Amino acid sequence: MTPVYFDSAATTQVRKEVITVMQDVLEHHYGNPSSIHAFGRASKSIIETARKTIAKELNAFPQEIIFTSGGTEADNMILRCAVRDADITTIITSPIEHHAVLHTVEELRNEYDVTVEYVKLQACGTPDYEDLERLLTANDERKLVSLMHVNNEVGNLLDVYKVSALCKENNALFHSDTVQSIGHYTWDVKDIPIDFMTAAAHKFHGPKGIGFAYIRKNNTLKPFIFGGAQERGFRAGTEPVHNIKGLETAFVMAYENLDEERAHVEGLKNYFKAEIKKAIPTVAFNGNCSDNSKSTYTLLNVRLPMSSEKALTLQFQLDLKGIACSKGSACQSGSGKGSHVLEHILCEEDQQKPSVRFSFCKYNTKKEIDYVIGVLKDLV
């Protein structure tokens, strides 16, 4: 059996078209974008065209798109600058955010004595919107809400319309980690009054090491990285032109093919759910995975009826069979700790059972699903 890659929430296979355009830029457009000669102007044109392309799709202004090294930097940039420059004294978040947010918030509490409030969670892991409203109206402190649109481990979808409306009503800023969302869902930042968003190209078949932050105009944020005048002076450093072109190409192709590819991937998720239930009737799904209206179509978090002893070697056994999947965020795979997301939404008994995240993309097939479910059935 050819190895099966079901870990696209960690990173995706790069499209061939993306590799082609990146190679072309590396070979022919090597000028420094800050140089005023023809070589530099050609490189600068690639960057600004990409900025306009992204802004148009999001219904944003080009100056609201800041290129970064990826989602983690974008989250850090937004949160740190909001506290430093926008008089934020209270951050409201949830205990199941990505660690790019959670660890940054913890550091800001230590550095700036910021108050950090964690919104209560419903049983499935979705933020309790009534509790969010309570936190927003508790006092007159200047607040920022940071809640991710798609949870990277269990796939829960945030009601961004509801959250953005609550923030606007209470004069709070709204930041959403949209790394698992950009390239998979359409966005209109004029329709949704969101202040900050983040993206990473490698989550939608682009290269690693490049992403962007959406920062709504007329904000008070000052430069994050000092040096040259790149990125409107907000993030100094010579831009990786080839990566930006790769991001743009992957971004355009994601949205040009969104309906077709979403139908394919959602079909795979539904097929996986149905077939694994037939093969292992006592299997369970974590978060809102069983409800497509409340969960992303790109991933499925499965809890298997196995003893804790067998659970210890499950990932190893799957890897031996050529199956790539994960327990949760790839960023935490080397920490030796369990999933902080499942720790907050599962009872202690259910935490003892192994949970596995399978995430899908356009390149996956039902044949691969049949193989994986056969392996899981044998292991269980």
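In which handedness of crossing does α8 pass α13? The close-ups below take up this question and a few others, using a predicted model.

**View 1. Helices α8 and α13 side by side in the predicted model.** Helix α8 covers residues 258-279 and helix α13 covers residues 366-379. Their axes come within 10 Å and cross at roughly 30°. With angles under 35 degrees counting as roughly parallel, α8 and α13 are therefore roughly parallel to each other. As for the opening question, the crossing of α8 past α13 is right-handed.

**View 2. The residues where α8 meets α13.** From α8, look for Leu268, Tyr271, Phe272, Glu275, Ile276 and Ala279. They meet Lys366, Ile369, Asp370, Val372, Ile373, Leu376 and Lys377 in α13. Sorted by class, this contact has nine nonpolar and four charged residues, and no polar ones.

View 3. Ser43 sits in helix α2, which runs over residues 38-58. Is Ser43 buried or exposed? Its relative accessible area is 0%, so Ser43 is buried. Setting aside neighbours within four places in sequence, Ser43 is in contact with His29, Tyr30, Gly31, Pro33 and Val241.

**View 4. Residues 332-336, where pLDDT stays under 50.** For this stretch, the model has two contacts beyond four places in sequence. For the chain, the average pLDDT is 95, and 97% of the residues score at least 70.

Conventions:
Residues are numbered from 1 along each chain as its sequence is written. This is a predicted model: local features need pLDDT of at least 70, side-chain atom pairs count only at pLDDT 80 or more; totals for chains, interfaces and linings use all residues. Side-chain values use heavy atoms; hydrogens and water are left out. Axes are lines fitted to C-alpha atoms, for helices over the stretch in contact, and angles run from 0 to 180 degrees between N-to-C directions. Helices (H or I, at least four residues) and strands (E, at least two) are DSSP runs, numbered from the N terminus. Angles under 35 degrees count as roughly parallel, over 145 as roughly antiparallel, 65 to 115 as roughly perpendicular and the rest as oblique. A crossing is left-handed if the near helix is turned anticlockwise from the far one by less than a right angle, and right-handed if clockwise. Contact means heavy atoms within 4.5 Å. Ala, Val, Leu, Ile, Met, Phe, Trp, Tyr, Cys and Pro count as nonpolar, Asp, Glu, Lys and Arg as charged, and the others, Gly among them, as polar. Buried means under 20% relative accessible area, exposed over 50%, partly exposed in between (1.4 Å probe, protein chains only). pLDDT is the predictor's confidence in each residue, from 0 to 100.
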